[in-house]
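Hello,

Here is the structure I promised to pass on. My notes follow below it.

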Amino acid sequence: MDNFNFYSPTEFVFGKGRENECGAYVKKFGGSKVLIHFGGGSVVRSGLLDRVKTSLQAEGILFEELGGVKPNPRDTLVYEGIRLCKDKGIDFILAVGGGSVIDSAKAIAVGVPYDGDFWDFYSGKAQIRAALPVATVLTIAAAGSEGSGDSVITKEDGMWKRGAGSEHMRPKFSVMNPELTCTLPAYQTACGATDIMAHVFERYFTNTTEVEITDRLCEAVLMTMVKETPRVIEDPNNYQARANIMWAGTVAHTNLVGVGRAQDWNSHGIEHELSGLYDCAHGAGLAVIMPAWMEYVMPHNPMRFAQMANRVFGVAMNYENPTDTAKKGITAFREFLRKIGMPINFAELGAKEEDIPTLVEKFGLGETGKTGGFVQLTSESVRAILENAVKASL
Ligand code: NZQ
Ligand code: ZN
């Protein structure tokens with residue numbers, strides 16, 4: 001195990017009806033004039049936005065509203081949010097929605113105290129040094145942004161999807177009421193589940209040895225997702241399954257399961273080019289890319305894949321031929337994705353084989369560049385992974 005720091009200061013406020021305590025928590029963390037940020041309308045239709053406003057009013061907290069965040073949130077709305085916060089003297093941002101709303105809120109939060117263009121943080125030109133406090137009321141178990149210090153924004157001009165990370169972006173508190181996720185369409189529920197599993201896999205496939213505790217924590221999250229996801233697809237109102245999935249999504253991405261080990265994140269990098277180019281759901285893109293990446297890198301350490309196959313998907317371990325067990329594990333993962341209604345190849349996602357050169361170019365390794373990770377990738381490897389994703393079938 002490697003040395004590590006683990007810093008996860010977010011206060012998680014979990015359970016039924018907890019959104020009614022928003023006002024008290026904003027007060028606790030020093031907010032007096034709040035920007036309520038939300039998406040395309042699900043929180044209006046469900047009545048959640050009204051409950052949040054009532055809770056703020058009860059504490060005498062003033063607020064402004066900015067809705068309209070799209071999935072794969074855009075820089076254009078972030079600029080609008082920054083202007084609004086400066087004009088109205090906002091001192092706290094409350095994101096009510098999913099990962100896209102939360103990431104947009106984080107981008108606004110870092111943009112307000114910065115004199116330059118907030119995109120500098122996402123293009124790698126500048127380091128985040130300050131932010132307005134952010135908190136969340138989560139409505140979908142997926143991105144883990146409610147507990148992470150990360151944000152992913154898409155620059156509309158060219159559809160460049162890029163991430164930024166900083167401890168300044170960690171939410172002060174996150175309200176997590178699993179009931180709020182019952183209105184999710186099955187497809188979005190499945191996209192979220194896939195993202196949660198991908199966050200674990202990005203950490204699980206590591207070259208660091210002697211990481212028993214985090215291996216076992218990773219497997220616990222993955223096994224929970226394998227058990228609970230089909231239950232909520234079948235019965236969207238299954239509160240207990242929703243609750244287990246919601247907490248799994250947070251545990252998967254606060255980095256609790258990834259500390260002390262080298263991590264990968266190349267599947268996420270490749271997927272961001274897909275959701276950037278096609279504006280598809282991040283989880284759906286991962287369903288296509290993650291197993292294709294697994295096939296490509298598995299020969300590097302078949303035993304690690306065999307361990308996952310055996311412990312997570314119950315594939316019998318073939319000690320004579322761990323590669324066989326590993327391959328069966330990847331197939332079991334694809335079968336699971338198919339069962340929950342996810343695409344497993346380019347055609348099912350609506351991606352096009354002829355776009356592979358564009359995707360490789362946007363990934364940006366050039367002729368000689370390499371990524372880090374479980375297996376270092378070149379542009380050639382990215383092309384091979386995308387070709388696996390074109391061919392994938394069951
Ligand atoms: O906009 P509304 O109307 O709210 O509809 C949303 C949206 O269409 C809908 N939805 C959310 N909660 C709902 C609901 N519909 C009905 N009932 C509810 N309770 O679901 C759709 C998807 O929402 P979105 O916020 O886009 O989903 P998700 O949480 O999966 O976020 C995806 C974004 O997060 C980024 C992704 O790249 C993507 O841009 N990620 C952020 C990370 C982070 N900040 O740490 C890490 C992740 O790996 C990921 O990259
Ligand atoms: Zn993700």
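**Helix packing**

Helix α8 (residues 212-234) packs against helix α12 (residues 302-313) at an angle of about 50°, with the axes 9 Å apart. That makes α8 oblique to α12; angles under 35 degrees count as roughly parallel, over 145 as roughly antiparallel, 65 to 115 as roughly perpendicular and the rest as oblique. Axes are lines fitted to C-alpha atoms, for helices over the stretch in contact, and angles run from 0 to 180 degrees between N-to-C directions. Helices (H or I, at least four residues) are DSSP runs, as are strands (E, at least two), numbered from the N terminus.

This is a predicted model: local features need pLDDT of at least 70, side-chain atom pairs count only at pLDDT 80 or more, and totals for chains, interfaces and linings use all residues. Residues are numbered from 1 along each chain as its sequence is written, chains are lettered from A and ligands numbered from 1 in the order in which they are written, and side-chain values use heavy atoms, with hydrogens and water left out.

On the α8 side, D215, R216, E219, L222, M223 and V226 meet R304, Q307, R311, V312 and F313 of α12. Contact means heavy atoms within 4.5 Å. By class, this contact has 5 nonpolar, 1 polar and 5 charged residues. Ala, Val, Leu, Ile, Met, Phe, Trp, Tyr, Cys and Pro count as nonpolar, Asp, Glu, Lys and Arg as charged, and the others, Gly among them, as polar.

Helix α8 also packs with α7: their axes come within 10 Å and cross at roughly 170°. That makes α7 roughly antiparallel to α8. Residues in this contact include A193, M197 and F201 of α7 and L222, M225 and V226 of α8. Its classes are 15 nonpolar, 2 polar and 2 charged residues.

**Zinc site**

Which residues coordinate the zinc ion (ligand 2)? They are D195 (OD), H199 (NE2), H268 (NE2) and H282 (NE2), at 1.9 to 2.2 Å. Donors are N, O and S atoms within 2.8 Å of the metal (3.2 Å for Na, K and Ca); water is not among the atoms, so sites may look incomplete. The spacing of the donor residues in sequence is D-x3-H-x68-H-x13-H. D195 and H199 are 4 residues apart in helix α7 (residues 186-204), so about one helical turn separates them. Both are buried (under 20% relative accessible area; exposed is over 50%, partly exposed in between; 1.4 Å probe, protein chains only).

**A351**

A351 is in the loop between α14 (346-349) and α15 (356-363). A351 is buried, at 11% relative accessible area.

Best wishes
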